[in-house]
Amino acid sequence: DEAGVVTVNFTVKDKAGAAVTYVKSISADIVKLVPPGDNEKTNRWVPYIYRKQTVSGSATGNWPNPDGTYAWQATSESAGTGATNGTLTNNGDGSYTYVFKTNISAIIVDGTTIEYDRSLTHRVSIMMGGSSGATADANFDFVPDGSAITETRNIVQTETCKACHGWQFAAHGGNRLSVETCATCHVPGNIDP
């Protein structure tokens, strides 16, 4: 909405089309697509949700960087059993509502403001399951001000990535199944310290 509160309504069905009325937990992410900046040739996804990842307890104290080295990394929120971020509401009929904890109008990452621009294409990703329970992900591209999508960024097909990463991108627990979801965190400048 205009205030930066993100609410996602979605349904979950099994392969036969029957409603899945119990989802244990989900993860969710939201990004915006910004036009090319100075010295950039293409548009790029910019996340709204970050975490500070700090090197701690490295085997040698210096590899790959000394303890205490940090980087801000794009990440997602979670809700449901054992999760403490946003709010997941089960409507009992296979439909769910997720309200993000993160207000996207007030994001500051390491002193830099991430502006909420309602005229840009945004992508919401919902991920569930993986190593525990039914597994799926879904993505929805939209423009918050209600205008039509005029720009997107889909440059690699999921099947190409799965040729090396496997059918469920298992490195993240198996709940990422499409490159559209991967693109919400794996963005330029996102590094592991």
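Visitor: In which sense do E7 and E8 pair, and over how many bridges?
Guide: This is a predicted model, so what follows describes a prediction. In it, E7 and E8 pair in the antiparallel sense, over 4 bridges.

Visitor: What is the bridge partner of Asn90 in E8?
Guide: The partner of Asn90 in E8 is Tyr96.

Visitor: In what order do the strands of that open sheet come?
Guide: The order is E1-E8-E7, with 3 strands forming the open sheet and antiparallel pairing. Strand E1 (7-11) and strand E7 (87-90) stand at the edges. Each of these two has a single partner strand, so one side of each is left without a neighbour in the sheet.

Visitor: What does the twist average from one strand to the next?
Guide: The average twist is 20 degrees.

Visitor: Now Thr97. Which strand does Thr97 lie in?
Guide: Thr97 lies in strand E8, which covers residues 95-99.

Visitor: Does Thr97 count as buried or exposed?
Guide: Thr97 counts as buried, because its relative accessibility is 16% and the cut-off for buried is under 20%.

Visitor: What is Thr97 in contact with, leaving aside neighbours within four places in sequence?
Guide: The contacts of Thr97 include Thr7, Val8 and Asn9, as well as Thr87, Leu88 and Thr89. Asn91 is also among them. With Asn9 there is a polar contact of 2.8 Å between the side chains.

Visitor: Change of topic. How many salt bridges are there?
Guide: The count comes to 2 salt bridges. Side chains of opposite charge can pair when their charged atoms come close.

Visitor: Which residue does Asp141 form a salt bridge with?
Guide: Asp141 forms a salt bridge with Arg123, and the closest N and O atoms are 2.7 Å apart. Asp141 lies in strand E12 (residues 136-142) and Arg123 in strand E11 (residues 122-128), so the pair ties together parts that are 18 residues apart in sequence.

Visitor: Is Arg123 buried or exposed?
Guide: Arg123 is buried, with a relative accessible area of 2%. Asp141 is partly exposed, at 22%.

Visitor: And which residue does Arg44 form a salt bridge with?
Guide: Arg44 forms a salt bridge with Glu40, and the closest N and O atoms are 2.8 Å apart. Arg44 is partly exposed, with a relative accessible area of 28%. Glu40 is partly exposed too, with a relative accessible area of 30%.

Terms used:
Residues numbered from 1 in each chain as written. Predicted model: local features only at pLDDT ≥ 70, side-chain atom pairs only at ≥ 80, totals over all residues. Heavy atoms only, no water. Salt bridge = Lys/Arg side-chain N within 4 Å of Asp/Glu carboxyl O. Buried < 20%, exposed > 50% of the residue type's maximum accessible area, 1.4 Å probe, protein only. Polar contact = N/O pair within 3.5 Å; in protein donor to acceptor, adjacent residues only side chain to side chain. Contact = heavy atoms within 4.5 Å. Pairing = 2+ DSSP bridges. Axes fitted to C-alpha atoms, helices over the stretch in contact; angles between N-to-C directions.
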